[in-house]
Amino acid sequence: MAQSSRQIQTQTQQQVQTLSPQQILAVKLLELPAVELEDRVRAELLENPALEEGKPEETTDGDFDGGDTAGEPTESPEDGGNTDYDSLSDYLNEDDIPDYKLQENNRSRDEQMEEIPFSDATSFYETLKEQLGEHNLTPHQRELAEYLIGSLDDDGLLRKPLDSISDELAIYAGVEASPEELEEVLKVIQDFDPPGLGARNLRECLLLQIRRKKAQSQEANPLLDVEERVLDECYEEFTRKHWDKIEQKLGITGEQLKNVLKDICRLNPRPGASMGEAIGKNMQQIVPDFIVESFDDGTINLSLNSRGLPMLRMSRNFTEMVEEHTRNKANQTKESREAMLFLKQKMDAAQSFIDAVKQRQNTLMTTMQAIIDLQRPFFLEGDESLLRPMILKDVAERTGLDISTISRVSNSKYVQTNYGIYPLKFFFNDGYTTGDGEEMSVREIKNALKELVDGEDKSKPLTDDELTERLKQKGYPIARRTVAKYRQQMGLPVARLRR
């Protein structure tokens, strides 16, 4: 008997939070560092004729003085097709000085500020060699590992077969190495960061990343298990998008497969690409977003580095045209109304952009001021050991902003201080709480650990147990495994490799 199917239509009500175009624009501008913001502003000046650059004109008795309403958001042009312009005064007010142009009294420092060369970038090969130093290998294994690292392509993958590499080593380097020996060393490289390095194909690259997630997970994750099975047992079906076959073979539902595919798509098929960007870029220029000056009397002055940012205002020509259309509203033709709509759309876009720039500057100043308040001893003394534990949540609570907003501000932003230029991420560090409840910075502990290693007798370097004891004597009562973890994070090899 044939089964009949029927469609059932249901109606449900749910709340969905969406971002308005103005909020999206503000978020995008917030993420931009100083140089990119300047480029973005100049691009907007070219695209929108209602926006112009220039110093504000002096107001007269017949001009709008702006008052307290300058810079306030205006109504969106979503008025159901109404072409009447009811918020003309809001646009005319923009001839006042933009309040986002903060701290204009710092012009005397413009001649002193220079783009600082930033040469900390290391090549892809050097970065992997540093990680190689953290592993206990024989000289022969180390030689093989360095050759394998040099054989990786720009994506961080090993495209050559191990048999071919074995032949190359014998012919060109005079080194005998079997494919089995190379396989063993390759497994060490595949344990490097970022996950997926040293894979010989896309399948292995993705599997390495999933298995790293499983190893780092605190508890069992069924989703990762299914992802591993999809790539391990159903890779051909996966590449051909035979989803039904995968569901049948693994005994999973369509919803489970959907979640699996969504997670797999987040994996990085080119793990070495991001690291490769540093190759050859030994002179990256940094323009600070903030300028922080500290003085002997304990005062700290914060200003935005907006020296290259154009001042923005509404176009006087556009406002005059709107005035003319408004006065002749009764005699408007269809073409006049269409022109009015065009003017209104452009002015709405210009106003939104000005408001977004203002919001960005205010958010940056609020966030940076909170960082200064939390890390005040460092800004006064410049001593890294004075940095207190601080996470994004601490700044978010102090400013009343969302954690995601603080994250966007701290990303790709730099601050110029009396002691040098620092990325904002430099001021965020985890804390370590002792048994007595005392909180100390992880960076402070690492600095103390580095001092011990730098000052040790290289003929008899300190073991992790001895480093743990020395740190306890200095007032850092941490466990030996914590010392080993911090040492590895700092790229310091074990004691017998530091001779």
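## Walking through the loops, the sheet and the helices

Let's start at Lys241, which counts as exposed because its relative accessibility is 59%. Exposed here means over 50% relative accessible area, buried means under 20%, and partly exposed is in between, using a 1.4 Å probe and protein chains only. You are looking at a predicted model, in which local features need pLDDT of at least 70 and side-chain atom pairs count only at pLDDT 80 or more, while totals for chains, interfaces and linings use all residues. Residues are numbered from 1 along each chain as its sequence is written, and side-chain values use heavy atoms, with hydrogens and water left out.

Lys241 sits in the loop between α10 (235-240) and α11 (243-250). Those labels come from DSSP runs numbered from the N terminus: helices are H or I runs of at least four residues, and strands are E runs of at least two. Most residues other than glycine have a negative phi, and most peptide bonds are trans. Lys241 isn't a glycine, yet it has a positive phi of about 60°. Ser412 isn't a glycine either, and its phi is positive too, at about 65°. You'll find Ser412 in the loop between α18 (403-410) and β7 (414-417), and it counts as partly exposed because its relative accessibility is 38%. For a cis peptide bond, look at the one from Asp193 to Pro194, with omega near 0°. Pro194 belongs to the loop between α7 (179-189) and α8 (202-216).

Now hop to Glu456, in the loop between α19 (442-454) and α20 (464-473). Is Glu456 buried or exposed? Glu456 is buried, because its relative accessible area is 9%. Its side chain reaches the backbone nitrogen of Leu462 at 2.9 Å. If you skip neighbours within four places in sequence, Glu456 is in contact (heavy atoms within 4.5 Å) with Pro461, Leu462 and Arg498.

Next comes the sheet. Strands of a sheet pair through backbone hydrogen bonds, either parallel or antiparallel. In this one, 4 strands form an open sheet in the order β5-β4-β7-β8, with mixed pairing. β5 (300-304) and β8 (420-423) are the edge strands, each with a single partner strand, so one side of each has no neighbour in the sheet. From one strand to the next, the twist averages 20°. Two strands pair if DSSP finds at least two bridges between them; β7 and β8 run antiparallel and are joined by 4 bridges. Helix α15 (residues 334-374) packs on the sheet, where it touches β4 (290-294), β5 and β7, and its direction makes about 155° with that of β5. Angles run from 0 to 180 degrees between N-to-C directions, and axes are lines fitted to C-alpha atoms, for helices over the stretch in contact.

How do two helices meet? Helix α5 (residues 139-151) and α7 pack at an angle of about 70°, with their axes 9 Å apart. α5 and α7 are therefore roughly perpendicular to each other. Angles of 65 to 115 degrees count that way, those under 35 as roughly parallel, those over 145 as roughly antiparallel and the rest as oblique. Residues making the contact include Leu144 and Leu148 of α5 and Leu182 and Val185 of α7.

Last stop: helix α21 (residues 480-489), where Thr482, Val483, Ala484, Tyr486 and Arg487 are buried. Just after α21, Gly491 takes a positive phi of about 75°.

How values were computed: Polar contact = N/O pair within 3.5 Å; in protein donor to acceptor, adjacent residues only side chain to side chain.
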